[in-house]
Amino acid sequence: MKTAVLSLSIDDGHPLDMRMAELLARHGVPGSFHVPVRNSEGQAVLSRASLRELSQNFEIGSHTLDHRFLAHLDLHEALRQITEGKRVLQDLLGKVVQGFCYPGGKYRALHCRMVEAAGFRYARTTRNLHLNVGHDPMEIPTTLQFYPHSRAVLMRNFLSQGQWRERRGVLDLLLREPHWLDRLRRLFAWVVRHGGVFHLWCHSLDIERLGLWQALDRFLAEAVEWIPPERRLTNLQLVTRYCEGVSRVNPGFQIIR
């Protein structure tokens, strides 16, 4: 078996993240929780006490100050959301926050440089169908969202996110299965056999609304049978180990069809 790595990130800082943390801890899976200080959409966020508790065992990254889509803001407000989100979160936790995640995956190239200038080590996107850490630590891609997306949604994401040659093999592999959980398991099994980064992400609120806690529990139980603890990494550990501006996890990695 070649080297396979598992990384899991959770967005939006909903109070249900505490239930997610319990699930991850039970399976020995580290997680990266990307949280806003407030949520402009009216969604509940973790209390300060819960955030401090969560930070004792998991990585906490920023998700802007108010969960604002950067591409929808003027430059001044975008910069404020990035820098103030980091500052307030650091003051609250009493430790440096090194990771960032773009809300809604909505950002432009200039925002990447803003995030870098603010002192973040990396920034995670919502780009999917990748099996590596990408080529820029300010644009870390993902593999899949733990969500029952249809084939049509997968196709739309594939077409809209570019890098088609690199991602085409992953898409083809997924489309062989009619059910989204079978797709996820098929791709994970492929990564276990051939190596690569399996970066799963989700929203705790989605898991609750769709009744997916048991499904996620089963998947994690299966995953840890194949991925030893030293290859279960937070987003920060993933970047620290494999990404220094250029991906070193299977350079040019793609599924050969």
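Contact is taken here to mean heavy atoms within 4.5 Å. The structure examined is a predicted model, and under this criterion the buried residues of helix 10 pack against strand 1 (4–11), strand 2 (32–35), strand 3 (59–62), strand 5 (122–124), strand 7 (196–203) and strand 8 (232–233). Helix 10 comprises residues 235–242, of which N235, L236, L238, V239 and Y242 are buried. Viewed down the axis of helix 10, these buried residues fall within an arc of 165 degrees, so they line one face of the helix.

One of the strands against which the buried residues of helix 10 pack is strand 3, and this strand contains S62. The residue S62 is buried, its relative accessible area being 0%. When residues up to four places away in sequence are not counted, S62 touches H34, V35, G85, K86, L89, V97, G99, F100, C101 and F120. Among these partners, H34 and V35 lie within the residue range of strand 2 (32–35), whereas G85, K86 and L89 lie within that of helix 3 (residues 75–93).

Helix 3 also holds L92, which is buried with a relative accessible area of 9%. With neighbours within four places in sequence left aside, L92 is in contact with R48, L51 and R52, and these partners fall within the residue range of helix 2 (residues 48–55). By contrast, the C-alpha atoms of L92 and E22, which are 70 residues apart along the chain, are separated by 22 Å.

The packing of helices is considered next. Two packed helices are described by the angle between their axes and the distance between the axes. For helix 3 and helix 4 (residues 109–117), the axes come within 10 Å and cross at roughly 40 degrees, and the two helices are therefore oblique to each other. Helix 3 passes helix 4 in a right-handed crossing. The residues that make the contact are L75, A78, L79 and I82 on the side of helix 3, together with L110, H111, M114 and V115 on the side of helix 4. Classified by type, the contact of helix 3 with helix 4 has 7 nonpolar residues, 1 polar residue and no charged residues.

Helix 1 (residues 17–27) and helix 2 (residues 48–55) pack at an angle of about 20 degrees, their axes being 11 Å apart. Because angles under 35 degrees count as roughly parallel, this geometry makes helix 1 roughly parallel to helix 2. The crossing of the two helices is left-handed. In this pair, D17, M18 and A21 of helix 1 meet S50, E53 and L54 of helix 2, and the contact has, by class, 3 nonpolar, 1 polar and 2 charged residues.

Helix 5 is followed by G162, a residue whose phi is positive, near 70 degrees.

Helix 6 and helix 7 in turn pack at an angle of about 130 degrees, with their axes 9 Å apart, which makes helix 6 oblique to helix 7. Helix 6 passes helix 7 in a right-handed crossing. The meeting residues are V170, L173 and L174 in helix 6 and R183, L184, R186, L187 and W190 in helix 7. By class, the contact of helix 6 with helix 7 has 6 nonpolar residues, no polar residues and 2 charged residues.

The loop between helix 6 and helix 7 contains E177, a residue that is buried with a relative accessible area of 18%; the assignment rests on a cut-off under which buried means under 20% relative accessible area. Not counting residues up to four places away in sequence, E177 touches R151, D182, R183 and R186. Of these partners, R183 and R186 also take part in the contact between helix 7 and helix 6. The C-alpha atoms of E177 and I140, which are 37 residues apart along the chain, are separated by 27 Å.

Methods
Residues are numbered from 1 along each chain as its sequence is written. This is a predicted model: local features need pLDDT of at least 70, side-chain atom pairs count only at pLDDT 80 or more; totals for chains, interfaces and linings use all residues. Side-chain values use heavy atoms; hydrogens and water are left out. Helices (H or I, at least four residues) and strands (E, at least two) are DSSP runs, numbered from the N terminus. Axes are lines fitted to C-alpha atoms, for helices over the stretch in contact, and angles run from 0 to 180 degrees between N-to-C directions. Angles under 35 degrees count as roughly parallel, over 145 as roughly antiparallel, 65 to 115 as roughly perpendicular and the rest as oblique. A crossing is left-handed if the near helix is turned anticlockwise from the far one by less than a right angle, and right-handed if clockwise. Ala, Val, Leu, Ile, Met, Phe, Trp, Tyr, Cys and Pro count as nonpolar, Asp, Glu, Lys and Arg as charged, and the others, Gly among them, as polar. Buried means under 20% relative accessible area, exposed over 50%, partly exposed in between (1.4 Å probe, protein chains only). The arc is that of the directions from the helix axis to the C-beta atoms.
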